[in-house]
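Here are my notes on the model you sent.

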Amino acid sequence: MRCLLLIIEPRGQREARSDAEARACYAEMVAFGEGLGSKLLASESLRPDRHGVRVQVQHDRPVLRDDPFAEAKEMIGGFFLLDCASLEEAVAIAQTCPAARFASVEVRECAPCYVP
């Protein structure tokens, strides 16, 4: 079963860290990913949402919005895509993720969007 661990972090948190704190945090997350071994299918850290663009199509016309996403208090900071035996295993792994100390780790099972 493929599960996604989404790192949901407060906006502005990264900017509040010193360079040394940021590097230490990143190193800890990389080590966590490396420790997942063959369970890890993919992982990435994402740039802050101020570098993002939201795309929608309304009335057959694209609508692009870039920062600021005023309504958002949190942002997706990165993800780990895992191959787990069960959702419970993914939740157990999420509980050991260093990001759970400074952010939320949302666990989502990958599945077709038309299956309830």
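1. A residue is called buried here when its relative accessible area is under 20%, and exposed when that value is over 50%. In this predicted model, buried residues make up 27% of the 116 residues in the protein.

2. Overall layout. The protein has 3 helices and 6 strands, and from the N terminus on the elements run β-α-α-β-β-β-β-α-β. The C-alpha trace spans about 45 × 45 × 20 Å along its principal axes. Of the contacts between residues at least 6 apart in sequence, 77% join residues at least 24 apart.

3. Helix α2. This helix covers residues 19-35, 17 residues in number. At 1.5 Å a residue it should span 24 Å, and its end C-alpha atoms are 24 Å apart, which agrees. Just after α2, Gly37 takes a positive phi of about 55°.

4. Which residues of α2 are buried? They are Cys25, Met29, Phe32 and Gly33. Seen down the axis of α2, its buried residues fall within an arc of 100°, so they line one face of the helix. Their cover includes β1 (2-10), β2 (40-45), β5 (74-83) and α3. On the other side of α2, Asp19, Ala20, Arg23, Glu34 and Gly35 are exposed.

5. Surface. The protein exposes about 7,900 Å², and carbon and sulfur atoms supply 54% of it. Met1, Leu87 and Val91 make a nonpolar surface patch of about 210 Å². Val91 lies in helix α3, residues 87-95. Val91 counts as partly exposed because its relative accessibility is 33%.

Terms used:
Residues are numbered from 1 along each chain as its sequence is written. This is a predicted model: local features need pLDDT of at least 70, side-chain atom pairs count only at pLDDT 80 or more; totals for chains, interfaces and linings use all residues. Side-chain values use heavy atoms; hydrogens and water are left out. Patches are made of residues with over 30% relative accessible area and no salt bridge: like charges are joined within 9 Å, nonpolar side chains (Val, Leu, Ile, Met, Phe, Trp, Tyr) within 5 Å. Accessible areas come from the Shrake-Rupley method with a 1.4 Å probe; for residues, only the protein chains shown count as cover. A salt bridge is a side-chain nitrogen of Lys or Arg within 4 Å of a carboxyl oxygen of Asp or Glu. Helices (H or I, at least four residues) and strands (E, at least two) are DSSP runs, numbered from the N terminus. Buried means under 20% relative accessible area, exposed over 50%, partly exposed in between (1.4 Å probe, protein chains only). The expected span of a helix is 1.5 Å times one less than its number of residues. The arc is that of the directions from the helix axis to the C-beta atoms. Contact means heavy atoms within 4.5 Å.
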